[in-house]
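Subject: Structure for your review

Dear colleague,

Please find the sequence and structure below. My notes on selected strands follow.

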Amino acid sequence: MKFHKEHLIEICIPVIAVILALIVGSIFIALSGKGIFNSYSALLIGAFGSKASLAETLVKTVPLIFCGLSVAFAFRCGVFNIGAEGQLLIAGVAVACVGYAIKLPAIIHIPLCFLVAIIAGGLWGGLAGYLKARFGAHEVITTIMLNFIALKFTEFLVNGPLREPSGVSPKTPHILESAELLRIIGRLNISIFIALIVTGIIYYLLNRTTAGYEVRAVGFNPLAAEYGGINVAKNVVLAMFISGALAGLAGCCEVLGVFRYFMPDISSDYGFQGIAVALLARNHPIGVLLSALLFGSLSNGATKMQVIAKTPKQIASIIQGLVIMFVAADMLVRYFLPKKKKE
Amino acid sequence: MKVVEMMGITKEFPGIKANENVSFHLNKGEILALVGENGAGKSTLMNILYGLYQPESGEIYIQEKPVVIKDPNTAISLGIGMVHQHFMLIPPLTVTENIILGSEPVDGGIFINIDKASRKVKDISEQYGLKIDPFARIESISVGMQQRVEILKTLYRGAEILILDEPTAVLTPQEIKELFTIMRVLIEKGKSIIIITHKLDEVKEISDRIVVLRHGKIMGEALTSEVSTSQIASMMVGRDVVFRIKKETIEPGEVVLDVHNVTACDDRGLPALQGITFNVRAGEIVGIAGVDGNGQTELVEAITGLRSVKSGKISLKGKEITNLPPRKIIETGLGHIPEDRHKRGLVLNFSVAENFVLMEYYKSPFAKWINLSYRAINDFAQKLIGRFDVRTPGKETLVRSLSGGNQQKIIIAREIVRNPNILIASQPTRGLDVGAIEFVQENLLEQRRNGKAILLVSLELEEIMNLSDRILVIYEGSIVGEVSGEEATRDKIGIMMTGVKGEEEKGEKCVGAETVLPFVQNDEL
Ligand SMILES: Nc1ncnc2c1ncn2[C@@H]1O[C@H](COP(=O)(O)OP(=O)(O)OP(=O)(O)O)[C@@H](O)[C@H]1O
Ligand SMILES: [Mg+2]
C-alpha cells in the first residue's frame with residue numbers, strides 16, 4: 001500500500017480531535033476551580049503511574065477493544081450495531097453458567113467458554129441482522145430494544161434462578177477454577193493477549209479474505225454488491241453475528257478473567273463506549289487498539305484524578321464526549337490541519 | 001471583454017498532474033467548448049474555477065480583476081454558476097425549495113417566504129424560456145427538466161458565467177435540442193457559458209470557440225467555424241479517429257437469451273414491463289431503442305436478477321434463469337454494463353483493482369481458499385489497465401478519484417474480459433471520449449464476431465443504428481416494433497418510439513410491490 005497525504009490526514013484527524021478535546025476539557029477543569037496541570041498530571045499518574053495502575057488501565061482497555069471491534073466490524077458492513085452492551089451481557093451470563101456448572105479440565109473448559117460466548121453473543125447480534133435482512137427492521141431500533149431485553153433478562157437471572165445462594169448482592173456463583181483465566185498483575189489477565197490476537201484476526205478477515213471483501217462491498221455500496229452477485233442479506237446477518245460474537249468475547253473475558261462471576265454490572269457501559277471507540281478509530285481494527293487504550297486510561301485515570309487533585313471524575317467523561325464530537329465534526333478538525341500555500 | 005481568465009493553473013493529485021500550466025479565457029457572450037479525452041483534466045479545471053479545488057499555482061481573473069476563489073460561495077458571489085454532471089437536487093422537495101436551499105429568503109428572520117421565492121423562480125423561468133413549474137417535485141420531473149432546475153438555480157443566485165459539465169450525457173435528443181435553445185437565449189441576455197461535452201457534433205452546433213485539453217495541458221484552441229469534427233477529434237486524441245465502424249455480416253446462431261412474456265413492476269410498484277418477448281442469438285447485436293423511462297431499466301434488471309419478474313420466463317442458453325439470484329445468473333454466462341455507474345456499477349471506495357474482480361473475487365486465481373490473492377488481483381488489474389487504456393495513477397487508487405470516463409472504462413473492461421455468452425450493455429459509451437467510444441464499439445463487435453450475443457440498450461439512436469443487427473423499440477413497457485439494422489432510419493425508429501403502434505392496454509396495478517430495501521428481493525437465507 002502506498003502512503004499518500006490522504007492517509008496521513010486520516011491518522012491526523014483522531015489525534016487532533018484528542019488534543020482539541022484535552023484543550024477544551026481544561027476549560028471545564030478551570031470552571032470546576034481546580035488546577036489544569038495538576039488535574040491532567042493526576043490523570044496520567046492514575047492511568048500509568050505504577051504497575052498496578054497500568055494493569056488496571058489495561059483491564060478497562062480489553063473489553064473496549066472487543067466492543068470497539070464489534071461496532072467497527074458491523075459498521076464496515078453498513079450496519080450500526082448499538083447492541084454491543086446487550087450482546088456482552090447475554091454472552092457473559094451464558095459463560096458464567098458454563099464456567100460454574102460443567103466440570104472439565106481447563107484446557108477444554110476455557111475454550112468451551114469462549115465458544116459459548118461467541119455463539120450467545122453472535123446469536124443475539126445475528127437476530128438483529130436477521131430482522132433487518134428479512135423484514136427491513138432498522139438495526140438501531142432493534143439493537144436498542146435487544147439491549148433492554150438483555151439487561152432485564154440477566155437482572156432477573158441473577159436475582160432469581162442463577163443467584164448465588166449465600167451471596168449478599170445479586171450475582172452468580174463463582175466460576176470453577178478450571179475456567180479462570182490466568183491473572184498477571186492485579187485483575188489484569190491473559191485476555192489482553194487474546195484481544196490483540198482477535199484484533200489481528202479481524203484485520204485479516206476484513207482486508208485479506210473473500211468474506212471481508214463482501215462485507216466491505218456491502219458496506220460501501222449495497223446496490224453494487226448485489227450487482228456483483230454478493231448476497232447482501234446474508235452478509236448483513238453474518239456481519240451482525242460476528243459483531244455480536246466480538247461483544248460476547250468482551251463479556252467472556254470479564255467473567256473468566258476480571259470478575260469470575262456474572263452480574264449485569266460487569267460492564268461499565270463498555271458496549272456503548274465501544275461505539276465511541278470505533279468512531280475515534282474510524283472503524284479500523286488497529287485504530288481500535290489505540291482508541292480503546294485512550295478511553296481505558298481516561299476512565300481509569302479519572303478515579304485517581306478525583307482522589308489526588310479533587311477534580312470531579314466526570315471531567316473524564318466530558319473529555320470522552322468532546323473527543324467524539326471533534327471526530328464527528330471532521331470538517332472542523334481539518335481546519336486545523338496545515339493548509340496548502342495560498343496565492 | 002474577458003469574463004474569465006485562468007493563467008498558468010497547475011493542480012496535482014496524488015500520483016497525477018490533473019492540470020499543468022493551463023491558461024485560457026472566456027469572452028463575454030460566448031459559448032466555449034472545453035473538450036479532451038477522459039481524464040484530460042476538464043472537470044478538475046472547472047472545479048477549480050468553481051472553488052471546489054485549490055490549484056497549486058496559477059491565477060484567476062474574473063471580469064479582468066484578480067480573485068482567489070476559496071470555495072463555491074465565493075464563486076457564486078463572483079457570478080459563477082456550475083451544473084455538475086451528477087445533479088445535486090433533493091428528490092422529495094419541490095423545485096422552489098431546491099432552488100432556495102442554502103439561501104432561503106426569510107421574513108422577520110425566521111419564516112421562509114416561499115411565495116416570494118416561487119414568484120422569482122417563475123420570473124426567471126419565463127425570462128429564459130425554461131418552462132419550469134416552481135411547485136413540481138423533483139422526483140416527478142424528467143432528467144432534462146431537473147437539469148433546467150440546476151441551471152435556474154445558478155441564475156437565481158445571480159450567475160453571469162455558467163459552467164455545464166457534460167450536460168448532454170443524460171439527455172434525450174429532443175432534450176438536447178431544447179437545452180441548446182435555452183443556451184442561446186442565455187447568451188442573448190449577456191451570459192457567458194463554458195460547456196464540456198464529448199459529442200463533437202454538439203461542439204460544432206453550439207460553441208463559438210474550442211479549447212482542447214490533453215494530459216492536463218492545453219493542446220490548442222480554435223474558432224469552431226474553422227475546424228471540422230475530425231480535426232477536433234484528432235486534436236483531442238492525438239491520432240485520427242474512424243467514426244464509421246465496419247461491421248461484417250454474420251449469420252446469427254442459436255438463441256442465447258430468450259425473454260418470454262415477461263412482466264415486472266417499477267420501484268413504486270406500478271407495472272413497468274407488460275409482457276415483453278424477444279430473443280438474442282449468438283453473433284447478434286440486438287438494440288433496444290426508446291425514450292428514457294419506458295421500461296428499459298426494469299427490463300435490464302429483470303434479466304440480470306436485480307428485479308423480480310412477476311410473470312413470464314427468461315432463459316439463457318436454454319437454462320431458465322427467471323428470478324434466480326444474480327450470482328447464479330452471472331455464472332450462467334451473463335455480463336452487464338449497468339446504466340448508472342455510480343449507483344450500481346462500481347464500489348467507489350474500492351480500489352481500481354478491487355473493482356475489477358467484483359464478479360470473480362471468490363474464484364481462483366483471485367481467491368485461494370478463504371483468502372484473497374492480492375498478487376493475482378493486482379496482476380489482473382495491471383493487464384486490464386493497459387489493455388483498456390484506463391488512465392489512473394495506479395491500481396490501488398480509489399475509483400472515486402478517477403475521471404467519469406475512466407470509471408466507465410473499468411466496468412467495460414471487467415464485463416468484456418469475462419467473455420460472457422450474453423452481454424447486456426446499457427448506455428455503454430455514456431461519458432466516454434471519441435477515442436474510447438470507438439474502442440468500446442470495436443470490442444462489442446469483436447464479441448459478436450466471436451459468436452457472443454449482445455443486448456444493447458441506449459438512448460442514442462446513432463449508436464444503436466451503427467451497431468445493431470436488429471432494433472427493437474420499447475414503449476411503455478412493451479416492444480412496439482422491430483426493424484433490421486440495415487432498414488433502420490432515424491425517422492422510422494423515432495416514430496415508433498412515440499408509441500404509434502396504437503393504444504396498449506394498461507395492466508392492473510402490481511400487488512405486493514417490492515420492498516424498498518434492495519436486498520430483500522433475492523433473499524435466499
Ligand atoms: N479528487 C481527486 N483525487 C485524486 N485524483 C483525481 C481527483 N479528481 C480527479 N483526479 C484525477 O485527475 C485527472 C483528471 O480528472 P478529470 O475528472 O478532471 O478528467 P475529465 O477531463 O473531466 O475526464 P472525463 O471526460 O472522463 O470526465 C484524472 O486522472 C483523475 O484520476
Ligand atoms: Mg469529467
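The model is predicted: local features need pLDDT of at least 70, side-chain atom pairs count only at pLDDT 80 or more, and totals for chains, interfaces and linings use all residues. Residues are numbered from 1 along each chain as its sequence is written, chains are lettered from A and ligands numbered from 1 in the order in which they are written, and side-chain values use heavy atoms, leaving out hydrogens and water.

Strands (E, at least two residues) and helices (H or I, at least four) are DSSP runs numbered from the N terminus. Two strands pair if DSSP finds at least two bridges between them. S9(B) pairs in the parallel sense with strand S6 (residues 80-83) of chain B over four bridges, where Ile161(B) is the bridge partner of Ile80(B). S9(B) also pairs in the parallel sense with strand S10 (residues 192-196) of chain B, over five bridges; here Leu162(B) has Ile193(B) as its bridge partner.

Elsewhere in chain B, six strands form an open sheet with mixed pairing, in the order S18-S21-S22-S15-S23-S24. Strands S18 (334-337) and S24 (478-484) of chain B each have a single partner strand, so one side of each is left without a neighbour in the sheet.

Yours sincerely
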